[in-house]
Amino acid sequence: MKPYYRPLSLVFGNDARQMIASGIAGALGGLSHVGFTHVEIIERGAARRVVAFADVLGPDVIRAITAPRSTFGGVAMDQNRIMGIVNVTPDSFADGGRLPNATAAIAHGRELAAEGADILDVGGESTRPGSDTVSTEQEIMRIEGVIKALAAQHRVSADTRKSLVMRAALNAGALIINDVSALGYDAESADVIAYNAVPVILMHAQGEPKTMQLNPRYDDVLLDVYDALETSINKAVAAGISRNNICVDPGIGFGKTFEQNLQVMAGLSLFHGLGVPLLVGVSRKGFVGAVTGEKLAANRVNGSLGGALQAVMQGVHILRVHDVKATVQALKMFTASNDPDSADL
């Protein structure tokens with residue numbers, strides 16, 4: 001049976017650094033400020049076991065979980081990073097139509113960067129549940145000028161699943177491609193990434209955006225998502241993409257029920273076993289509203305911050321968010337509370 005390893009008993013800040021240095025804990029995702037002292041060993045159909053970090057057999061397993069991650073898109077993965085969302089669409093679930101033209105989108109992107117976003121994620125096609133596909137020409141028209149303007153001063157990723165849009169985005173100055181289909185939607189996408197040797201975010205999604213929420217099914221959602229991401233990584237590497245240029249996203253809200261989203265959130269530390277940076281986006285999503293009772297997506301900031309901090313506690317490297325200022329402030333408070341010497345007072 002294939003074993004899975006989920007880091008447990010997490011520690012933070014100075015406690016983590018001291019315990020990692022002493023060999024009592026491992027560095028979660030290669031982060032020096034998040035450690036784990038135990039590991040849950042999972043096998044399908046078998047009882048789960050918890051062992052101390054020092055007792056885990058197999059150096060390759062620990063190396064994948066604890067090795068420092070490579071710089072991704074020019075951003076060091078040695079601390080938690082913020083990706084700000086710039087939706088140049090009329091129908092995105094949380095902010096569709098808020099940025100009706102390139103001028104507004106550029107101004108919003110610059111505002112997010114000033115608030116502390118390390119990366120600006122520009123998208124021209126909504127992939128919310130029930131959304132329709134946008135033509136390649138329309139998508140390029142929406143994002144090309146926005147990316148060109150923002151990339152002159154900021155790190156930009158392009159949120160797209162189409163190879164022609166990827167090419168246009170890279171030519172406009174994008175440094176990263178964020179593909180919700182994990183390069184599975186367009187057969188030419190992997191070649192574009194490999195040829196240009198650019199970083200790519202591989203996200204898990206079960207089904208197409210139009211129908212993905214109708215009846216998502218898993219044997220074990222956490223393990224099934226892990227396996228799917230592992231397969232996506234292996235396919236990308238086989239296509240000539242450097243493993244150092246890969247980041248994964250478990251795809252909260254993409255082909256998962258509200259309960260399944262929470263199960264993935266609870267087990268995020270498992271995905272560090274893939275040995276690449278981990279990105280998570282919970283911002284304003286439907287399951288946040290289901291938990292908090294907030295029906296309006298734009299008003300789900302508080303619940304989104306709770307989800308973001310849960311992700312940070314499990315060593316997530318990149319948080320993809322709408323509300324950059326609020327997330328940066330929450331992260332600063334969380335960090336200072338665990339590591340008082342880090343506070344700039």
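In which helix is the place of threonine 66? Threonine 66 has its place in helix H2, residues 59-66, where a helix is a DSSP run of H or I of at least four residues and a strand a DSSP run of E of at least two, both numbered from the N terminus.

The structure is a predicted model, in which local features need pLDDT of at least 70 and side-chain atom pairs count only at pLDDT 80 or more, while totals for chains, interfaces and linings use all residues. Residues are numbered from 1 along each chain as its sequence is written, and side-chain values use heavy atoms, with hydrogens and water left out.

View 1. Threonine 66 is buried, with a relative accessible area of 19%; buried means under 20% relative accessible area, exposed over 50%, and partly exposed in between, computed with a 1.4 Å probe on protein chains only. Although threonine 66 and histidine 272 are 206 residues apart along the chain, their C-alpha atoms are separated by 7.9 Å.

View 2. An open sheet is formed by 8 strands in the order S10-S9-S8-S7-S6-S5-S12-S11, and the pairing is parallel; two strands pair if DSSP finds at least two bridges between them. Strand S10 (246-249) and S11 stand at the edges with a single partner strand each, so one side of each is left without a neighbour in the sheet. Strands of a sheet pair through backbone hydrogen bonds, in either a parallel or an antiparallel manner.

**View 3. Strand S7 between S6 and S8.** Strand S6 (residues 119-123) pairs with strand S7 (residues 156-159) in the parallel sense over 4 bridges, and S7 pairs in the parallel sense with strand S8 (residues 176-179) over 3 bridges. Towards S8, aspartate 159 stands opposite asparagine 178. Val156 and Ala158 point one way from S7, whereas Ser157 and Asp159 point the other way, and all are buried. In a regular strand the side chains alternate between the two faces of the sheet.

View 4. A search of the whole structure finds 1 cavity of 30 Å³ or more, and the largest cavity has a volume of about 90 Å³. On a 1 Å grid over the protein atoms alone, a cavity is a set of points where a 1.4 Å probe fits but cannot get out, and lining residues have an atom within 4 Å of a point; the grid points are joined across faces, edges and corners, and the volume is the space filled by probe spheres set on them. Of the 15 residues that line the largest cavity, Val282, Ser283, Ser304, Ala308 and Val321 are the closest to its centre. Helix H10 (301-313) and strand S12 (318-321) each supply at least two residues of this lining, and H10 gives the most, with 6 residues.

**View 5. Serine 283 and its contact with histidine 322.** Serine 283 lies in the loop between strand S11 (279-280) and helix H9 (286-292), and with a relative accessible area of 5% serine 283 is buried. The side chain of serine 283 makes a polar contact with the side chain of histidine 322 at 2.7 Å; a polar contact is a pair of N or O atoms within 3.5 Å, of which, within protein, one must be able to donate a hydrogen and the other to accept it, and residues adjacent in sequence count only if both atoms are side-chain atoms.

View 6. The structure holds 17 salt bridges, a salt bridge being a side-chain nitrogen of Lys or Arg within 4 Å of a carboxyl oxygen of Asp or Glu. Lysine 2 forms one with glutamate 230, and their closest N and O atoms are 2.6 Å apart. This pair links distant parts of the chain, 228 residues apart, with lysine 2 in the segment before strand S1 (4-12) and glutamate 230 in helix H7 (residues 221-238). Lysine 2 is partly exposed at 34% relative accessibility, and glutamate 230 is partly exposed at 27%. Lys2, Arg44, Asp224, Asp227 and Glu230 are linked in a network of salt bridges.

Conventions:
On a 1 Å grid over the protein atoms alone, a cavity is a set of points where a 1.4 Å probe fits but cannot get out, and a pocket is an open set with protein on both sides within 12 Å along at least five of seven lines; lining residues have an atom within 4 Å of a point.
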